[in-house]
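Reader: I would like to go through the aromatic contacts of this model. Please show it first.

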There are 2 protein chains.
Amino acid sequence: PDRGNIVGGADEFPTDRYVLEGLASARGLEIRRHADKDTALVCRSLVDFRTSALGDVADLVDEAHAVGALAMVDLSHAGGIVPVDLDGSGVDLAVGCTYKWLCAGPGAPAYLYVRRDLQESMRQPIWGWFGQRDMFAMGPAYDPEPDIRRFLAGTPSILALAAVDAAAGLTGMTAVREASLALTAAFIDGVGAAAEVVTPEQRGGHVAVRHPEAAAVSQRLAAAGLVTDTRADLIRFGFHPLTSSLDDVAKAVCRCQVAFSGN
Amino acid sequence: PDRGNIVGGADEFPTDRYVLEGLASARGLEIRRHADKDTALVCRSLVDFRTSALGDVADLVDEAHAVGALAMVDLSHAGGIVPVDLDGSGVDLAVGCTYKWLCAGPGAPAYLYVRRDLQESMRQPIWGWFGQRDMFAMGPAYDPEPDIRRFLAGTPSILALAAVDAAAGLTGMTAVREASLALTAAFIDGVGAAAEVVTPEQRGGHVAVRHPEAAAVSQRLAAAGLVTDTRADLIRFGFHPLTSSLDDVAKAVCRCQVAFSGN
């Protein structure tokens with residue numbers, strides 16, 4: 001739509017914030033916190049990259065569509081750990097990465113979802129030869145494929161896609177989600193008495209704990225064999241159901257109790 | 001510069017043509033064949049993707065700088081087979097891929113060169129977290145690195161870079177170039193009596209032959225164990241000095257003589 005602002009959260013995943021900021025700068029758009037009649041796009045993450053708070057795609061769609069804007073959800077911290085029915089949700093666009101819960105390695109390819117009836121009218125800004133109809137004809141003008149293939153740009157990286165292929169071939173998201181909730185519930189129960197858990201009940205696959213000396217605690221945990229990462233005063237713990245057990249969680253809780261107390 | 005057109009050849013590598021066309025469409029720019037005082041950028045390939053004709057970076061720089069435009073060279077069909085001194089050439093920008101002569105596999109990462117004194121003033125349009133100063137601070141506003149790092153966007157693909165790392169670690173470009181010229185000269189000599197070679201004396205690493213039934217000839221060659229590809233009525237032959245010998249070229253010439261004659 002030919003509108004003047006984009007909605008994105010101030011606490012959003014930096015990748016989204018920076019990219020939207022660049023887009024806004026190039027197109028003379030503003031970035032706002034809430035949608036109004038001049039909003040072109042509302043973009044929010046399904047799972048908050050810091051707290052693991054789980055949003056609601058339906059709320060996002062309602063907020064955007066109520067003012068005639070497009071709704072885009074970032075699945076980076078949800079894809080592979082939280083089941084999402086994009087076609088059924090009414091969301092217009094979705095993006096995400098495969099190097100987190102899909103375990104396809106650093107810099108693994110990202111993905112894009114475009115609602116079927118928008119595919120023919122939307123264009124991606126980088127007109128690459130993989131989006132071109134009859135690409136090997138190398139025709140004089142750019143004439144993109146009519147469907148989702150038009151959003152491809154260059155030749156995809158085959159080595160990188162091989163890792164994604166393995167991850168995307170796994171099935172059983174319901175079981176993954178159940179196991180993930182069991183692991184994070186056990187960790188929250190176990191660690192809650194010793195630290196401030198900021199992850200709410202409605203959550204994604206990781207758990208965040210606030211600690212004034214987050215970086216130092218994270219280093220002590222690493223020395224004890226527990227790899228975490230920090231975002232300001234938050235320490236993030238990830239438990240992948242395919243590689244972590246309740247026993248691993250119990251061990252992690254013990255190490256946290258020691259590390260949080262400064263030892 | 002705040003100018004109204006971009007110069008690119010009508011016969012340029014489709015990836016360049018399509019991307020420039022998309023850029024022109026988004027920014028209201030025109031694409032022209034020759035530079036004038038309203039030209040922002042002149043973009044040409046160093047090696048023609050079809051004929052293998054070798055251009056001159058100095059000519060490109062002269063054409064662009066004479067009107068105050070930026071000069072950009074596409075090294076896709078030159079990188080790894082033709083030595084280029086970018087810093088010494090005065091060119092402003094260069095792009096290229098690593099999946100051709102650098103053998104890093106389909107979809108391997110591309111590269112970008114920006115003349116050192118332009119690095120701080122130019123921005124790339126996709127503001128990703130790898131271009132951000134102090135990226136892990138995940139600060140509120142995008143504040144790009146002052147140097148070439150600002151042109152990075154997302155996390156690079158480690159698997160794909162591993163292949164590039166092997167290719168880029170090879171040294172001895174002068175020897176590669178000499179061997180390449182010897183191989184292509186032998187092929188042109190051998191095949192010239194049987195077919196129309198369109199590759200000029202000043203050439204890159206491949207040789208192109210015109211044939212009215214290029215696709216059928218290419219299939220006959222493939223059946224005989226010689227892999228080529230076609231672009232309209234041109235058949236392209238690539239000889240990599242690291243994997244091909246003069247003996248391979250002699251065998252290729254024999255197979256061509258048979259295949260060109262319709263057998």
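**Domains and aromatic pairs**

Author: The C-alpha centres of domain 2 of chain A and domain 3 of chain A lie 44 Å apart; the domain bounds come from an automatic or database domain assignment. This is a predicted model, in which local features need pLDDT of at least 70, side-chain atom pairs count only at pLDDT 80 or more, and totals for chains, interfaces and linings use all residues. Side-chain values use heavy atoms, without hydrogens and water, residues are numbered from 1 along each chain as its sequence is written, and chains are lettered from A and ligands numbered from 1 in the order in which they are written.

Reader: How many aromatic pairs are there over all chains?

Author: Rings of Phe, Tyr and Trp (its six-membered ring) pair if their centres lie within 6.5 Å; planes under 30 degrees apart count as stacked, over 60 as edge-to-face and the rest as tilted. By this rule there are 14 aromatic pairs over all chains.

Reader: Why is the pair of A:W129 and A:F136 called edge-to-face?

Author: The ring centres of A:W129 and A:F136 are 5.4 Å apart and the planes stand at 85°, so the pair is edge-to-face.

Reader: What makes A:W129 buried?

Author: Buried means under 20% relative accessible area, exposed over 50%, partly exposed in between (1.4 Å probe, protein chains only). A:W129 has 12% relative accessibility, so A:W129 counts as buried. A:F136 has 52%, so A:F136 is exposed.

Reader: Why is the pair of A:F187 and A:F237 called tilted?

Author: The centres of A:F187 and A:F237 lie 4.6 Å apart with planes at 45°, so the pair is tilted. Both A:F187 and A:F237 are buried.
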